[in-house]
Amino acid sequence: MQLDRDTIKAAIRSKVIELAKALNIDAAALGDADIIPAAGYLDSSAILELIVWYEQAYDFPLRQEDINIDNLGSIDAMTDFLLARKTG
Amino acid sequence: MPSPLYVPRVNNNDDSVRVVELRVKEGEFVKRGQILGAVETDKAVLDVPAERDGYVLKILGRSGETASVGSVLLWLGEIAGEQMAEQTPAALVVDTAGGTERPTAKAREMLRELDLAAAAIPVAGERLTVADIEAWLVTQRKPARAPGSDAPTASERTPSVPGEYRELSGEERGMFSTVLWHRDRAAPGYLEIEYDPAPWNDYAARYAEQNKLMLSPLLPLMAFRLVELAKASPPINATVVNERRYQYHQINLGFTVQAGQTLYLAVVNAAQELTAARFIDALGEVQRHAMAHKLRPSESSGATLAFSSMARWNVSRHIPILPPYTSLIVSHAAPNASGHAVLGASYDHRVLSGFDAAQILRALAQPPA
């Protein structure tokens, strides 16, 4: 996958929508800055699936301490965290 | 599934025998225990019985010829014309050098069912026995099956409706072993209580907020509470092997993880040594490994207690199968329309009474003070 901000954001959004759909929830209205756990579209297992997908899609293994709201709480945060680690 | 019948050892000093006779032909159906032939040394003659029902697929031994002990005498299969494995299963390679570790027939059957290598298992006496395998399984904490119980495949006939055989995947085989242990070894009981999930939800929400957690800690905290209860009451954390109680010295908490089509029991080892925060991290890590289908062996076996939730699928009640060598698996489910939820316990009645299981559930229904 390309490390382009818009492309990353679109890919994360697409994955969130896909995971929510499996729970019969429409997550199309999720904003880039919305806090994903608080938005209610995904339960904990689905968020965990999102994180595992994120690690694999971007070849980006996370440490347990990386997994927090500041780093991964929103589409914006996930994008910034990835770009900072990969290009910083 | 085709299985080989090996040339047996007649005595400890002879690594080869002469095939005296073979009483069957390829394509013939034989019954378990039926004498298929005989082998001899200059000291004794030994009948060779069939270890299972099945068709003679291929005869490799020849009457009058010398055969090495442990080599394949013939192949048996469930269906006439079944294809044999290209290689001898590692589990069934018999050590022909020493001779004293040759498995008994029942041990050999158990090795085949569990796909184990005889060479890896310490032998207490002159031959490898079912007791040796069971003792080793406890140290490895792998599932076993009841000796003498017929696995369904050994006696079932192919259905008359057209179909085809497919080998079980590793995960399916694991589930198969688990279900067989539950059926053949445990004395499973199940009970449940209704409880108000609100205090737990509030407790988990406060914990998440205080610790800025990304994921709800509700289920990890409930699983950790189970660990604490077992720590306070060690008899919960035990099993029975050969009619003796086996008290575990550590608590390995198994937690079910659905990863796509695969259900894993991800294991947090030595959970009794962890704080709640460390336990949540450790569980999160094994859950991620499970979801990526990358569980390490130590993270996918050896559970001594277990916890399972189907709340996310809105299942309001489920009765889980006991993982091998556990006394208890707690089942968590979704609240019903009235707001109450059910906590269930599948338990091994050889280890725990219904009263014990109910006490655990009642304590688990409340978050820590």
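Analyst: Of the 84 residues in the largest nonpolar core, the ones touching the most other members are Val16(A), Ala223(B), Leu226(B), Leu253(B) and Leu328(B). A nonpolar core here is a set of buried Ala, Val, Leu, Ile, Met, Phe, Trp, Tyr and Cys residues joined through C-beta atoms within 7 Å. Buried means that 20 or more other C-beta atoms lie within 10 Å of the residue's own (12 or fewer is exposed, in between is partly exposed), with C-beta atoms placed from the backbone. Keep in mind that this is a predicted model, where local features need pLDDT of at least 70 and side-chain atom pairs count only at pLDDT 80 or more, while totals for chains, interfaces and linings use all residues. Residues are numbered from 1 along each chain as its sequence is written, and chains are lettered from A and ligands numbered from 1 in the order in which they are written.

Helix 6 (residues 218-232) of chain B gives this core its largest share, 10 residues. Helices are DSSP runs of H or I with at least four residues, strands are runs of E with at least two, and both are numbered from the N terminus.

Now zoom in on Leu253(B). Leaving out residues up to four places away in sequence, Leu253(B) touches Ala223(B), Leu226(B), Val227(B), Val267(B), Val268(B), Ala271(B), Ala303(B), Leu305(B) and Phe307(B). Contact means C-beta atoms, placed from the backbone, within 7 Å.

Back to helix 6 of chain B, which packs on helix 8 (residues 354-364) of chain B at an angle of about 130 degrees, with the axes 10 Å apart. Axes are lines fitted to C-alpha atoms, for helices over the stretch in contact, and angles run from 0 to 180 degrees between N-to-C directions. So helix 6 of chain B is oblique to helix 8 of chain B; under 35 degrees would be roughly parallel, over 145 roughly antiparallel, 65 to 115 roughly perpendicular, and the rest is oblique. On the helix 6 side of chain B, Met222(B), Arg225(B), Leu226(B) and Leu229(B) make the contact, and Ile360(B), Ala363(B) and Leu364(B) meet them from helix 8 of chain B.

As for the chain around all this, chain B has eight helices and 16 strands, and 38% of its 369 residues count as buried. Among contacts in chain B with a separation of 6 or more, 59% come from residues 24 or more positions apart.

Notes: Two residues are in contact if their C-beta atoms, placed from the backbone, lie within 7 Å.
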